[in-house]
Amino acid sequence: MQKKQTMGSQLQQLLATVSTHGNQHVCEIERDLAQTNMLLDEAVRKLGNSFLAIHQGLTSYQNLTTNIPDAGLADQLATLQTEINQHINAAVTGLQFQDMTSQLINKMTKHIAELHDVFAVMDRSDRQIPAVAEDAVIVEILNNMNTDLERQQLVFDDLSRKIVSQRHLESGDIELF
């Protein structure tokens, strides 16, 4: 009888400890992801504003240089402005990766929420393993936990099918979920 008490209580303690520590780590990850997303949004907002200001400055510059009497110099300035505009457009395309990064962060956040649910299965009040229990009781509780985890696996499988596969800055190969 002592062995069953030890097995049941030890198993319950193990599940509760895994649940508690798992949730602590997941909470830290959630906070870090939220802060990453906030910092990314702020950086992209500032970059976007800077690119718009550069574009407006170049437009004003072009308007001033159109009245230059030296045609060769005006052509060189126009060519330079075209090159700068191309670089700005390429940079703006790069900024579009912020949106995909945000989508990935949101996807990770959903996975983390699912992890909370997995850990909760191990520590549900109706799934507590009594300190004194027959093997059949322990097996039934573990079977119920496994059934809950199998249901959550289906949710995970559905969530994992949705991918973001953009790996290059070139346009045309974006596969968002």
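A salt bridge here is a side-chain nitrogen of Lys or Arg within 4 Å of a carboxyl oxygen of Asp or Glu. Keep that in mind, as we'll come back to it after a look at the fold. What you have above is a predicted model, in which local features need pLDDT of at least 70 and side-chain atom pairs count only at pLDDT 80 or more, while totals for chains, interfaces and linings use all residues. Residues are numbered from 1 along each chain as its sequence is written, and side-chain values use heavy atoms, with hydrogens and water left out.

Start with the overall layout. The protein has 4 helices and 0 strands, so read from the N terminus its elements simply go α-α-α-α (helices are DSSP runs of H or I with at least four residues, strands are runs of E with at least two, and numbering starts at the N terminus). Of its 177 residues, 23% are buried; buried means under 20% relative accessible area, exposed means over 50%, and partly exposed is in between, using a 1.4 Å probe and protein chains only. As for contacts (heavy atoms within 4.5 Å), take those with a separation of 6 or more: 78% of them join residues 24 or more positions apart.

Now walk along helix α3, residues 97-122. Its 26 residues reach 38 Å from first C-alpha to last, close to the 38 Å expected, where the expected span is 1.5 Å times one less than the number of residues. Its buried residues include Q98, M100, I105, F119 and M122, but also K107, E114 and H116. The contact is made by T93, G94 and L95 on the α2 side and by F97, Q98 and D99 on the α3 side.

Next, the greasy parts. A nonpolar core is a set of buried Ala, Val, Leu, Ile, Met, Phe, Trp, Tyr and Cys residues joined through side-chain atoms within 4.5 Å. The largest one has 13 residues, and L15, I129 and M145 have the most contacts inside it. Helices α1, α3 and α4 each give two or more residues to this core, with α3 giving the most, 5 residues. If you click on L15 and leave aside its neighbours within four places in sequence, you'll find M122, I129, L142 and M145 in contact with it.

There is also a second, separate core of 5 residues, among them F51, L58, I88 and L95. I88 sits in helix α2 and is buried, at 8% relative accessibility. Beyond its neighbours within four places in sequence, I88 is in contact with F51, I54, H55 and L58. I54 is 34 residues away from I88 in sequence, yet their C-alpha atoms are 8.4 Å apart in space.

N37, in helix α1, counts as buried at 16% relative accessibility. Leaving out residues up to four places away in sequence, N37 touches S102, I105 and N106.

Back to the charges. Side chains of opposite charge can pair when their charged atoms come close. In this model the count comes to 8 salt bridges. One of them links E28 and R31, with the closest N and O atoms 2.4 Å apart. Both residues lie in helix α1 (residues 2-65), 3 residues apart, or about one turn of the helix. E28 is partly exposed at 41% relative accessible area, and R31 is partly exposed at 47%. R45 and E42 repeat the theme: their side chains meet at 2.5 Å, N to O, and they too lie in α1, 3 residues apart. R45 is partly exposed at 44%, as is E42 at 32%.

Over in helix α4 (residues 135-160), D148 and R151 are again 3 residues apart, about one turn. Their salt bridge has its closest N and O atoms 3.2 Å apart, and D148 is buried, with 6% relative accessibility. Salt bridges that share partners join R124, D126, R127, D148 and R151 into one network.
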